[in-house]
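Please look over the protein shown below, and then work through the questions and answers that follow it.

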Amino acid sequence: MNNNVAEMTRRHLRPAEQPITESDEFIEHVLQYAGVPALMMSVIHMTGDASLLDGPVQPRSAILGEIQGFLSPEQQAEVRRQAFQVVRQFRDNQCRLPPLPDAATIRRMMSFLVGEQVPDEYVPMMLEEMNLSGEDSRALHWPETISTEQLQQFPVVVIGAGVGGILAGIRLREEGIPFCIVEKNADVGGTWYENTYPGARVDTPNYFYCYSFEPNHDWSQYYSAQPELQAYLKRCCDEYQVSEQLQLNTTVTDVVFDETGKFWRVHVQRQDGSNDVITAKAVISAVGQLNHPKIPDFPGRGDFNGPQFHSAEYQHEHDLRGKRVAVIGTGASAFQLVPAIVGQVAEIKVFQRSPVWMFPNPDYHAKVPEEVKWLLKHLPYYARWYRFLLFWPASDGLLPSLVTDPNWPHQERSVCQLNDRARQNMTAWIDSQLSGNAQLRDKVVPTYPPFVKRMLQDNGSWLRALQQDNAALITDPISRIEPHGIVCGDTLHEVDIIIYATGFDNHRWLYPINVVGREGRVLAQEWGDDPQANLGITVPGYPNLFCIYGPATNLAHAGSLVFNSECQVRYIMGCIGAVLENHCQLIECTEEANTDYNERLQDWVKKLVWAHDSTSNWYKNSQGKVTANLPWRLVDYWKWTRQPDLSQYTLR
Ligand SMILES: Cc1cc2nc3c(=O)[nH]c(=O)nc-3n(C[C@H](O)[C@H](O)[C@H](O)COP(=O)(O)OP(=O)(O)OC[C@H]3O[C@@H](n4cnc5c(N)ncnc54)[C@H](O)[C@@H]3O)c2cc1C
């Protein structure tokens, strides 16, 4: 029965969304917009002939922002000419495709596309990401022995309706498990509901910052803005029939384990102030890491005469035109906000504690041409290979440049040779934008090593904004706030509006939910700001409680949080499946497994650049320990989370 539910809900990805019916002229035109290496993959699918892989045109490498594999214009033109004939024939042949190439050929295609050998261990992970077979390859396959009755008796509460919570809902529904998603906001989206500040956008390529089983060929930009991301997530809720299970405007206050009954009581407060208790066999926390806006406690903050608000609680009612605006902070949000508003305001003063590293990406604000959308929808498998092409350079290739080499002599500026090279490249990128402005250069080139803080994608808009006549970058520390502005040392900077782009309080995990586990254990007390969970997902003492985007699962070197959520949700569903299959009630991580995992994690994370003591970052807790980030190679985390290792658990 459970499989029937799954089949009804799941969708099969077709090789192309729509058939090709357009004219020769149109096809010839549209192919000019193709990424040639991905086009070559599509040609192989259309012809069934893989000889292109041995031909003279060989992509050299894949990096973000460069989808042509460094092929010369002549090579590109030649491939487009050949492809034109192939696409025409394909159209005239009723878009009939030969069978998929065999596994060995697909593997060769992978390496060919990215211009380097894709190691064996990455192949299955990347194949999953692409779903070439059309099957949703991260979907669950529980044994038929799990009965409908068992499923019905295993209700689950999911807390939070962002990327993670919605995904959990999709999978629970597919498996026929009763569930509800409790969300404190008035709508779904989490991060992408809350962050509405001008310029808010994803900085992971959108073509893989979306569920692997639900690609979107209609992104208007390669890095889309908040409204589109929220709309995508809302559409997923509707299409996968998760919307009916949402309890919006409802805040979870307490989650308490009942030893005798072996279930959880989830206490909620509804919009009208009434309280309720929902019982559940399992609880999935999908509360995110970044949704408690943090504002430093500047003296006099309450005395300011004008509007002041956090970027994540943006007050759109204030018209910025003609105003003097202060933006405090220069992290990821400010980096997007300042370029978006500098053209409207009379003056903008940006208060910086430390500068940021940024790497060039010409696509960062670029619109996706209609021609590219057409290619993604019509050329067979083109979109799938395009996803892989973007995902690959954002995988583990960067990790070695984050690893500290104890013998490296320039520890103050970089942690190893690769890291130093990144520093040189990014410094050159900054320099190229400053026209010799030495004063500004001193302020905007970080002294700390690259990757200590979150790296930012850049198309030049940040430094262009800071060099406008109405902009000033202030690096003196803020001493206090007065009714008319911000004081640094002896200088009062008069402003009308203050926007705090000062990040989030991410060290109180699951805050402010009071989670009480077995024998009255209180999670907030046990964790403090030093949380430990096995794989970031399960915690000893808290049976059937699972975290998505839990401790040490933030990605700061690779991938996307969508990929991570897909790994975690599969693992969680595996845990629930193990309980049902074994006719048990509870699954609980052992202390040993949790300790072992976290010791290994800390041993490794200490060697990475995030632990560098040159500057602060939000990855470290009050003791300077890195608690937020996932330090592993993506491929390792993917492997470890494919299914739970039951030797790390007790089932009862
Ligand atoms: C401005 C910004 C840009 C980002 N850009 C990227 C990016 O480019 N790439 C990337 O990979 N990641 C990015 N991130 C990280 C981002 O948070 C994740 O990508 C992803 O959106 C996290 O999804 P989530 O569902 O885990 O958490 P969230 O999106 O934070 O959702 C958590 C949900 O839980 C709800 N909730 C919390 N507590 C309760 C409670 N007690 N009761 C009920 N509901 C509750 C919240 O209201 C929220 O809706 C960005 C984050 C921010 C803030």
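Ring pairs join Tyr211, Phe213, Trp219, Tyr232 and Tyr240 into one cluster, where rings of Phe, Tyr and Trp (its six-membered ring) pair if their centres lie within 6.5 Å, and planes under 30 degrees apart count as stacked, over 60 as edge-to-face and the rest as tilted. The model is a predicted one, in which local features need pLDDT of at least 70 and side-chain atom pairs count only at pLDDT 80 or more, while totals for chains, interfaces and linings use all residues. Residues are numbered from 1 along each chain as its sequence is written, and side-chain values use heavy atoms, with hydrogens and water left out.

Q: How many aromatic pairs does a search of the whole structure find, and what kind of pair do tryptophan 192 and tyrosine 209 form?
A: The search of the whole structure gives 23 aromatic pairs. The ring centres of tryptophan 192 and tyrosine 209 lie 6.1 Å apart with the planes at 80°, so this pair is edge-to-face.

Q: Which helices are linked by the aromatic pair of phenylalanine 391 and phenylalanine 563?
A: The rings of phenylalanine 391 and phenylalanine 563 form a tilted pair, 5.4 Å centre to centre with 55° between the planes, and both residues are buried. They are 172 residues apart, and the helices they link are α13 (residues 382–391) and α18 (residues 561–581).

Q: Which ring lies under the charged end of arginine 600?
A: A charge sits over a ring if NZ of Lys or CZ of Arg is within 6 Å of the ring centre and within 35 degrees of the ring normal. Lysine 453 has its charged end over the ring of tyrosine 448, 5.9 Å from the centre. For arginine 600 the distance to the ring centre is 5.6 Å, and the ring is that of tryptophan 640.

Q: Which residue is the bridge partner of valine 156 in β2?
A: Two strands pair if DSSP finds at least two bridges between them, and strand β1 (residues 156–159) runs parallel to β2 with four bridges joining them. Both faces of β2 (residues 179–182) are covered, with Phe179 and Ile181 buried on one side and Cys180 and Val182 buried on the other. The partner of valine 156 in β2 is phenylalanine 179.

Q: Is leucine 510 buried or exposed?
A: Leucine 510 is found in the loop between β17 and β18, and has a positive phi of about 65° although it is not a glycine. The loop between β17 (497–500) and β18 (514–516) also holds proline 512, which a cis peptide bond with omega of about -5° joins to tyrosine 511. With a relative accessible area of 8%, leucine 510 is buried.

Q: Is asparagine 249 buried or partly exposed?
A: Asparagine 249 lies in the loop between β3 (246–247) and β4 (251–258), and its phi is near 50°, a positive value in a residue other than glycine. Its relative accessible area is 23%, so asparagine 249 is partly exposed.

Q: What is the relative accessible area of valine 452?
A: Valine 452 is placed in the loop between α15 (438–444) and β12 (456–458). Its C-alpha atom is separated by 9.6 Å from that of valine 356, 96 residues apart along the chain. Valine 452 is buried, and its relative accessible area is 0%.

Methods
Helix = DSSP H or I, 4+ residues; strand = E, 2+ residues; numbered from the N terminus. Buried < 20%, exposed > 50% of the residue type's maximum accessible area, 1.4 Å probe, protein only.
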